[in-house]
Amino acid sequence: MAGWRMGFAAGNPRLIQALTRIKSYLDYGAFTPIQVAAVAALSGPQDCVTEVREMYRERRDVLIRGLHAAGWDVPSPQGSMFAWAPIPERFAEMGSVDFSKLLLKEAGVAVAPGLGFGEYGEGFVRIGLVENTQRLRQATRAIKTFLNKHGVKQAEAVS
């Protein structure tokens, strides 16, 4: 379930004790079914982890290759289900919100404006890898058409 997160902290015992104390003032712990699910996820079979990791690697590679071929140089994330894409230079002065709106209006592709993630997110958009590879290819084709229309030169296809 999205938003059902578990975490842990490891480190200096004194700092961990202080963190534990602060946490005890802020909340009463995670909802019990989430804790049970976390135990099952960590102690159960791990083959699904490899499958999901491979699925996201494939989606990432499809997205990044497609964007590079469209002329948008986006760094390849090393361990995330999101790609952080710097706004193409041609659109940089628009800012992330207006660029996201334009991309949605003209290309039919939704991205999250970086500004929504804090001041350092401005100048970027976040692209989720939550769609299957077919939909990601469709999105990169639409982005390529959009960029072409606005004079962004197509890059050589990345293999």
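Predicted model: local features only at pLDDT ≥ 70, side-chain atom pairs only at ≥ 80, totals over all residues.
S96 is part of helix α4.

Now show the side chain of S96. Where does it reach? It comes to the backbone nitrogen of L115, at 3.1 Å.

Next, display what surrounds S96. Setting aside neighbours within four places in sequence, S96 contacts I87, P113, G114, L115, E122, G123, F124 and V125.

Move on to helix α5, residues 133-149. How far apart are its end C-alpha atoms? They are 24 Å apart. At 1.5 Å a residue, the 17 residues of α5 should span 24 Å, so the two values agree.

Colour the buried residues of α5: T133, L136, A139, T140, I143, F146 and L147. Look down the axis of α5. The buried residues fall within an arc of 135°, so they line one face of the helix.

Turn to the other side of α5. Here Q134, R141, T145 and K149 are exposed.

What covers the buried residues of α5? Select α3 (47-70), α4 (95-107) and β3 (124-128), which are among the elements covering them.

Zoom in on the N-terminal end of α5. N132 caps this end. One of its side-chain oxygens lies 3.1 Å from the backbone nitrogen of Q134.

Finish just after α5. Select G151, which takes a positive phi of about 80°.

Conventions:
Residues numbered from 1 in each chain as written. Heavy atoms only, no water. Helix = DSSP H or I, 4+ residues; strand = E, 2+ residues; numbered from the N terminus. Expected span 1.5 Å × (residues − 1). Buried < 20%, exposed > 50% of the residue type's maximum accessible area, 1.4 Å probe, protein only. Arc of directions from axis to C-beta. Contact = heavy atoms within 4.5 Å. Polar contact = N/O pair within 3.5 Å; in protein donor to acceptor, adjacent residues only side chain to side chain.
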